Amino acid sequence: MSTSDHLPARLPWAGLLALFAAAFLAVTTELLPAGLLPQLSEGLNASEGQIGFLVTGYAVASCLTAIPVTAALRRLPRRPVLIAVLAGFALFNLVTALSSSYLLTFATRLLAGVMGGTLWAMLVGYAARMVPPERRGRAITIVSAGITVALCLGIPAGTALAGAFGWRAAFITLTLLAAALAAWVRWKVPDHPGEAPTVRSPLRTVVTRPGIRMVLTVTVLVLLGHQAVYTYIAPLTELSGTGRTGLVLLVFGLSTVAGIWLVGTVIDRYPRPVLLAALALITLAMLALGLAGQTQAVLLIATACWGVAFGGVPTLLQAALVNASGAADADVATSMQTTVYNLGIAAGSLTGGLVLETSGVDALPWTALPLLTVALLAVIAARRRAFPPHPTPVPALA
């Protein structure tokens with residue numbers, strides 16, 4: 001046997017980076033309005049709370065359509081579906097950039113949400129099929145890093161671009177990115193055949209397995225609390241007198257990078273303690289924002305702690321879900337988590353908007369605090385099935 005037989009297969013970087021960019025595009029498209037509340041409010045003649053509902057609508061559409069649309073498209077070849085989704089992002093971001101009507105913009109965001117739900121349901125599986133089994137974990141990590149880079153660079157960059165050239169320029173940029181990415185996928189991403197319906201376990205079978213429902217419950221609680229504050233981080237920043245939303249978003253994004261790196265070094269050995277520590281840190285950050293968020297130093301320090309903790313939470317929850325579901329049904333469990341994730345985003349941005357309209361921005365951290373506390377207590381209690389101290393190693397996704 002030659003020496004080359006012992007070497008790991010090279011990663012298809014061009015294809016994986018295209019999927020990475022798709023994840024970046026989806027997150028930036030979904031959450032950019034959170035950084036543009038004042039500009040969009042003026043441009044669309046709507047309140048900041050109503051602009052927050054643009055995030056809500058996107059997430060609701062993703063939540064409701066991810067599973068049925070994915071099921072309807074599973075027999076189709078993967079690459080044409082991915083290209084169509086990216087073309088949809090290009091179209092709907094263009095309409096958003098040109099619109100002066102809140103109702104038209106809201107309807108467009110719903111359609112963009114359908115694209116987002118479809119994309120998230122297929123990205124992990126697509127990455128896994130592009131590499132041999134022994135490289136799947138790394139491939140999925142590369143693609144998922146698009147989420148972090150969007151939080152770290154995409155949204156702050158979009159906010160800065162809007163500040164310099166107007167909010168429409170930010171959405172036109174996303175349009176151009178989506179169009180270029182569709183061409184990149186056509187050029188560098190390999191196609192894969194669709195899947196036969198018989199290879200998919202029924203959702204009811206998976207959701208009734210021990211631990212699954214608890215992991216999904218914690219997921220929605222964490223996202224609900226997080227998004228209720230994150231969506232309205234612009235008015236929260238103004239409360240401190242800084243008026244520099246881009247800086248606060250950059251601090252949050254850079255902190256998530258640190259959080260993902262820290263979690264990546266210990267997740268296989270200490271998943272339960274790390275998740276408990278992360279949830280406790282987010283809870284303490286919300287407490288600090290509630291007590292003294294109007295102070296600039298407290299705002300920045302609390303945001304940094306929040307970002308470090310939240311950066312690793314999605315990975316920890318996904319690992320717990322895969323351990324609970326088993327390798328054979330990881331794709332089904334992940335599709336459910338995609339739906340629940342977007343449900344949390346939608347409910348969180350909706351709740352935050354209602355609180356903002358009725359009680360003011362200073363009430364937002366106090367809204368998130370009990371939700372995150374319940375999530376922390378749920379993880380503490382669910383030590384047998386959902387979040388055991390010593391889970392079996394997470395198998396590669398198929």
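Visitor: How many cavities of 30 Å³ or more does the structure hold?
Guide: The structure, a predicted model, holds one cavity of 30 Å³ or more. A cavity is a set of points on a 1 Å grid over the protein atoms alone where a 1.4 Å probe fits but cannot get out.

Visitor: How much space lies in the largest cavity?
Guide: About 110 Å³ lies in the largest cavity, where a volume is the space filled by probe spheres set on the points.

Visitor: Which residues lie nearest its centre?
Guide: Eleven residues line the largest cavity, and Pro 271, Arg 272, Leu 316, Ala 320 and Phe 387 lie nearest its centre; lining residues have an atom within 4 Å of a point. Helix H13 (296-325) gives the most, with four residues. Helices are DSSP runs (H or I, at least four residues), numbered from the N terminus.

Visitor: Let us change topic. How do the axes of H4 and H5 cross?
Guide: The axes of helix H4 (residues 78-98) and helix H5 (residues 102-129) come within 9 Å and cross at roughly 150 degrees. Axes are lines fitted to C-alpha atoms over the stretch in contact (heavy atoms within 4.5 Å), and angles run from 0 to 180 degrees between N-to-C directions.

Visitor: What does that make H4 and H5 to each other?
Guide: H4 and H5 are therefore roughly antiparallel, a term for angles over 145 degrees.

Visitor: How should I read the numbering and values?
Guide: Residues are numbered from 1 along each chain as its sequence is written. Local features need pLDDT of at least 70, side-chain atom pairs count only at pLDDT 80 or more, and totals for chains, interfaces and linings use all residues, while side-chain values use heavy atoms, with hydrogens and water left out.

Definitions and conventions: Helices (H or I, at least four residues) and strands (E, at least two) are DSSP runs, numbered from the N terminus. Angles under 35 degrees count as roughly parallel, over 145 as roughly antiparallel, 65 to 115 as roughly perpendicular and the rest as oblique. On a 1 Å grid over the protein atoms alone, a cavity is a set of points where a 1.4 Å probe fits but cannot get out, and a pocket is an open set with protein on both sides within 12 Å along at least five of seven lines; lining residues have an atom within 4 Å of a point.
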